[in-house]
Amino acid sequence: TQYVLLLFVFRLMPTTDDHVLLIKELANNLDFWRPDSVDLVTIDMAVDFHVPLAHTDIVYTMLQQSGMKMGVLIEDLQAEMEEHLDSRDINPRAHSYTKYNTWDTIQAWIASISSSNPELISRQVIGNTYEGRPMNVLKIGRKSSSTKPSIFMDCGIHAREWISTAFCQWFVKEALSTYGTDSEMTSLLNQMDVYVLPIFNIDGYDYTHKTNRMWRKTRSAQSGSSCIGADPNRNWNAGWCTTGASPNPCSDTFCGSAPESEIEVKNVADFIRRNKSSIKAYLTIHSYSQLLLFPYSYTFALAEHHNELMAVAKGASNVLRSLYGTEYTSGPGAATIYPAAGGSDDWAYDLGVKYSFTFELRDTGRYGFLLPESQIKPTCEETMLAVKYIASHVQKNLY
């Protein structure tokens, strides 16, 4: 039985302060899936984590002795990692919208899709990553001589959230293939432009394909530490490093050495600042938990446009649910999941981008970051409905 436990993903329900304390004592031996780090663990919160090989016995024994409610989400992480790539028989170098493509495949796709329809799509490199990979932003919309209002969307800030990256590719495909037939999409792309950054954290994403599937951060070197990378969604100048983020370079939620210390964050922030007058909405796609969040996460204070943002989030969640019955929870980040400073949506909102939303896609923990490829299509289809709902509201309520 010892061997069977080797790569479990557990879910705990701490109900006392002692339970929370025990989780904190064990934290150095755990890889937190939800919440993002041990600092965010509170009573009556579902805590999902995976235990590295070497620590399984001791962790399991201590948890059993604590009397804490404990369940197993994934019994064999290694098997699940292999399993979630359902389509291994397909040519690995061929791009597919229903599989998790490698960075090389996505890069080739970006080149070919952006030359496929010059009337509707163009691309620009907004800078390079820490390891020198080009960050391409695709601009989708009918060509116009004047600057149109726009929406900015990014995917894959966190490297291991592969379904996020799959969604940006799906969105581009849908936008191009339904323009002219779908009235909502046609109207949107006639009146507005959509900027899509298919992968934000390219270095990290490449690393999850080649070395460590569970990697989350960037891949930058940190002075004075042997630990690599910072959390690119704790690195924005929005209550930076005050709550739900760590100053420790070895933490998964390391806030970086300063706001925008990560070149990827700086490249995107510079692009949004340059285009601030036209960008009316900011959408960032994450996984997992089935949430539609809006500011704030770094404070419990309500955003100035709280009521409108809540109404839009609820409307988008309803239309998403209409397809497959997938339930989403909507609300401001701090109150809906946990306080976390330095996030991109809060930064965009404080910059003046009123419609700022974070999606946490499927699922609620059965597969977590290892959502099977068979769920890419339904996840993307339902998410498209929500994104189009938000875009339509923005289009009708330009400011």
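This is a predicted model: local features need pLDDT of at least 70, side-chain atom pairs count only at pLDDT 80 or more; totals for chains, interfaces and linings use all residues.

Residues are numbered from 1 along each chain as its sequence is written, and side-chain values use heavy atoms, with hydrogens and water left out.

**Glu360**

Select Glu360, which UniProt lists, in an unreviewed entry, under "active site"; UniProt positions are given in the numbering used here, feature names are shortened, and annotations may be inferred rather than shown by experiment. Glu360 sits in strand S12 (residues 355-361), where helices (H or I, at least four residues) and strands (E, at least two) are DSSP runs numbered from the N terminus. With 13% relative accessibility, Glu360 counts as buried; buried means under 20% relative accessible area, exposed over 50%, and partly exposed in between, for a 1.4 Å probe and protein chains only.

Now show what surrounds Glu360: leaving aside neighbours within four places in sequence, its contacts include His286, Ser287, Tyr288 and Tyr328, a contact being heavy atoms within 4.5 Å. Within this group, draw the distance from the Glu360 side chain to the backbone nitrogen of Ser287, which is 3.4 Å.

**The disulfides**

Next, select the cysteines; a disulfide is a pair of cysteine sulfur atoms within 2.5 Å, and the count by this rule comes to 3.

Begin with Cys155 and Cys168, whose sulfurs are joined at 2.1 Å. This pair links distant parts of the chain, from Cys155 in strand S7 (residues 150-155) to Cys168 in helix H5 (residues 162-178), 13 residues apart. The torsion about their S-S bond is about 85°, so the disulfide is right-handed. Cys155 is buried at 0% relative accessibility, and Cys168 is buried with a relative accessible area of 0%.

Move on to Cys227 and Cys250, a disulfide with sulfur atoms 2.1 Å apart. Cys227 and Cys250 lie in the loop between helix H7 (202-210) and helix H8 (263-274), so the pair ties together parts that are 23 residues apart in sequence.

Then select Cys241 and Cys255, with sulfur atoms 2.2 Å apart; at -70° about the S-S bond, this link is left-handed. Cys241 is partly exposed at 22% relative accessibility, whereas Cys255 is buried at 2%.

**Cys380**

Finally, which cysteine sulfur is closest to that of Cys380? The closest is in Cys155, at 8.7 Å, too far for a bond.

Key
A polar contact is a pair of N or O atoms within 3.5 Å; within protein, one must be able to donate a hydrogen and the other to accept it, and residues adjacent in sequence count only if both atoms are side-chain atoms.
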